[in-house]
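Take a look at the model below.

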Amino acid sequence: MEKLSQDYRSAPFFDELIDHKGSPRPPAKQLLHYLESLPPEELEKRRQTAEATIQEMGISFTVYTDEGNIDRAWPFDIIPRTIDAQDWKIAEAGLKQRLTALNKFIDDLYHDQNCIKDGIIPEHIIKDSKNFLPECVGVSPAFGVWAHICGTDLVRDADGEFYVLEDNLRVPSGVSYMLENRALTKRVLPELFENDRILPLDSYPGQLFETLAALSPRKVPQPEIVVLTPGIYNSAYFEHAFLAQQMGAELVEGSDLFVDEDDCVYMKTIYGPERVDVIYRRIDDLFIDPETFEPESVLGVPGLMRAWRAGNVALANAPGAGVADDKVVYAYVPALIRYYLDEEPILKNVETYLCENDEDREFVLAHLDQLVVKPANESGGYGMLVGPHSTKKEQQTFAKLIKENPRNYIAQPTLKLSTAPILTDKGDIDPRHLDLRPFILQSKDTYVTTGGLTRVAMKKGSLVVNSSQGGGSKDTWIVDTKVTEAKGE
Amino acid sequence: MLSRVAERLYWSARYLERVENTARLVSVYDELLFDLPREVEISWYNLITINSGTQAFDQRYKNKDERNVVKFLLSDDSNSGSMLSSLKMVRENIRTTRDVLPQEMWELVNELDLYARQNIKQGINRSERHTFLNTIIEGCQKVVGLLAATMCRDAGWNFMIMGRYIERADMNTRILDAAVSQMLQSEEDEVIKLGQVIWTKVLKSQSAILNYRRTVRSTVNGAKAATFLMTDNYFPRSQKYCMTQIREAASTLPRSGLIAANIDKLLEETKSVESSEALNHDYREHLNDIQLAIIELNHQITENWFYFRQGDAA
């Protein structure tokens with residue numbers, strides 16, 4: 001490969017690997033040096049290895065289309081994204097701080113609601129939130145923690161600083177792909193792992209297990225932990241199976257469980273009923289218990305809420321935790337951190353306009369061509385308007401939607417999302433926008449993944465990184481540059 | 001172990017065994033036709049009869065020729081027992097039970113499935129069929145080997161053992177039945193010449209020929225071959241061995257009494273064949289009874305462990 005960085009320019013965006021002068025950033029130095037040493041055919045060969053490995057490992061996700069569900073191979077770019085361990089340390093502290101405050105906030109909402117009484121957050125935001133569940137009021141989950149597993153999306157703006165884009169507190173997915181991306185890279189670029197400056201990340205399943213085990217209502221040496229999946233047709237089924245396997249937990253579907261008259265949850269085994277202590281549920285709140293919520297749901301377990309309220313089973317994440325996973329609440333998170341922790345937020349929020357505020361709404365409607373508009377309660381990048389990439393007609397549609405239901409929309413400036421080089425189909429190196437989803441675990445202790453899942457918009461210029469909409473992903477390296485320097489490289 | 005998971009493991013092993021057996025069957029038939037005297041009429045269509053596929057086949061094809069038969073057995077989507085359909089079912093059942101299986105199992109099955117789909121034409125055209133089928137059989141054995149070397153001997157293992165051996169026993173009787181029926185159809189003056197060829201191939205199809213020679217120490221004939229395949233204690237594809245494996249696996253699981261008793265009864269009825277004359281219509285009836293008993297056994301396994309009823313405490 002020719003000198004990669006020479007003609008590579010990504011300005012005005014911040015590039016993760018190569019600075020605006022075309023020099024490798026310190027954590028990417030060795031990686032780029034190595035890639036440059038490979039002839040183009042070799043690079044192509046590695047790419048093919050990655051593709052074949054993905055097929056063999058069966059790494060897939062499901063896409064819903066008009067023609068039915070398609071199981072697609074995981075789109076993966078072989079060039080890792082690098083982050084300096086020093087930078088990451090700060091982000092990590094910020095993520096822990098954020099989730100701690102969010103959990104205090106959720107616990108407060110379902111108890112005394114001091115944050116409303118003290119005027120930190122307006123009452124109507126909770127009253128109108130479809131994720132606030134009255135059925136959860138007064139329940140006290142262990143450690144006061146409601147969101148045990150959180151996927152927070154981080155982006156870097158043109159200044160290279162991390163910003164929080166959103167917090168996913170319901171059933172965040174992607175962590176298995178983070179682990180598989182690393183496994184893939186080890187097969188494709190094994191030479192680069194010979195020294196130990198790339199921080200390992202395989203401790204996640206163990207940490208997840210510890211986090212869940214700490215929640216067990218029965219204090220037994222081996223609590224029964226299960227992963228509750230909606231089943232094979234869910235787009236994240238691969239991940240559910242992966243995590244259950246990695247944790248040595250049982251992967252169950254709703255029909256494998258039942259709640260008995262003693263308000264305890266049991267699973268149907270070949271030996272008869274066995275008591276379940278902790279359920280890592282990957283089913284949305286409204287489908288977990290047809291007795292309490294959606295009566296038509298066949299995914300859930302009748303009576304599950306009864307068992308949870310009685311304290312006989314732990315649910316992770318707790319029902320109702322999604323109230324903080326709301327793009328309107330998002331705007332208040334810095335204030336919540338100050339309120340609950342008496343600390344300054346370490347990670348910044350992206351500036352957010354709440355369409356329910358008259359002033360903000362006027363501004364949003366006047367600048368639809370420049371802003372990103374998001375519905376407050378959708379995930380997966382659905383129902384979004386990316387202003388600069390939208391047509392007049394799309395803008396008109398959104399103007400109407402916003403006027404009809406202002407509470408349901410927020411807007412943010414179009415960020416100059418950072419980029420990293422990908423290997424294109426033609427074999428060139430070209431910048432693409434990306435984000436980062438680290439995962440944060442909290443119960444007795446708090447843990448943050450080393451890096452996270454990097455998602456890339458594979459289309460040139462595109463800002464949409466969701467795998468359901470043509471996004472791909474990369475391995476994420478947290479590189480200890482101090483070690484490298486000490487070794488004299 | 002979840003009842004649902006147990007059921008899927010059981011079926012993944014059954015289907016995997018079916019993939020291998022289908023490949024074996026086609027492969028041996030291929031050879032058989034080369035070795036038979038020209039005047040003997042054996043049609044590929046027999047393979048459809050053995051697998052109880054006549055109705056499905058006739059709905060789909062007019063010509064009962066080699067190409068259609070092989071296509072039906074190996075690649076036909078509409079045939080739920082075809083090799084590709086079975087492979088798909090292996091994959092589907094494993095996809096939903098990956099958490100209790102060795103990690104590499106999923107990769108191996110994926111590899112096998114990919115290979116089969118990408119090279120299926122080789123299986124249908126005669127020139128490369130042998131290599132193709134061999135690769136499939138090897139692929140299945142790789143999976144079985146992986147399980148043998150890495151899987152915990154827990155309940156899941158025992159359900160897979162039951163699935164594998166019930167499928168194997170079922171195919172064993174079908175192959176025997178096909179050979180007996182072929183012999184009964186042939187002209188008297190051909191019987192001796194034909195017997196040698198057919199029974200050798202039957203043994204070969206079960207990888208049994210060398211074991212047969214070492215154990216039986218005589219030339220191949222119908223009575224001895226059938227006896228070997230039914231009653232040998234040590235050969236891992238014999239009826240007796242399969243049933244013993246199922247009983248052993250079942251006995252590690254709760255509430256296995258009735259099933260063990262039924263297998264004992266079936267074993268008692270598994271007898272040696274005294275002479276080739278005894279391989280007659282009555283013997284075919286006997287094989288048919290065994291097949292019915294195997295179906296009943298499958299039913300009992302399903303009722304006992306997979307259809308969970310609340311209150312069935314351990």
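Start with the domains. Chain B is assigned domain 1 (1-150) and domain 2 (153-308); such bounds come from an automatic or database domain assignment. The model is predicted, so to speak of local features takes a pLDDT of at least 70 and side-chain atom pairs count only at pLDDT 80 or more, while totals for chains, interfaces and linings use all residues. Residues are numbered from 1 along each chain as its sequence is written, with chains lettered from A and ligands numbered from 1 in the order in which they are written.

The centres of domain 1 and domain 2 of chain B, taken over C-alpha atoms, lie 20 Å apart. Their contact involves 27 residues from domain 1 of chain B and 27 residues from domain 2 of chain B. Contact here requires C-beta atoms, placed from the backbone, within 7 Å.

Now take the domain 1 side of that contact. α1 (3-35) and α2 (45-50) of chain B each supply at least two residues. Helices are DSSP runs (H or I, at least four residues), numbered from the N terminus. α1(B) gives the largest share, 17 residues. By class, this side has 16 nonpolar, four polar and seven charged residues. Nonpolar covers Ala, Val, Leu, Ile, Met, Phe, Trp, Tyr, Cys and Pro; charged covers Asp, Glu, Lys and Arg; the others, Gly among them, are polar.

Next, the contact between the chains. Chain B puts in 24 residues and chain A 19 residues. On the chain B side, α1 and α6 (103-118) are the elements giving two or more residues. α6(B) gives the most, with six residues. The chain B side holds twelve nonpolar, five polar and seven charged residues.

How values were computed
Contact = placed C-beta atoms within 7 Å.
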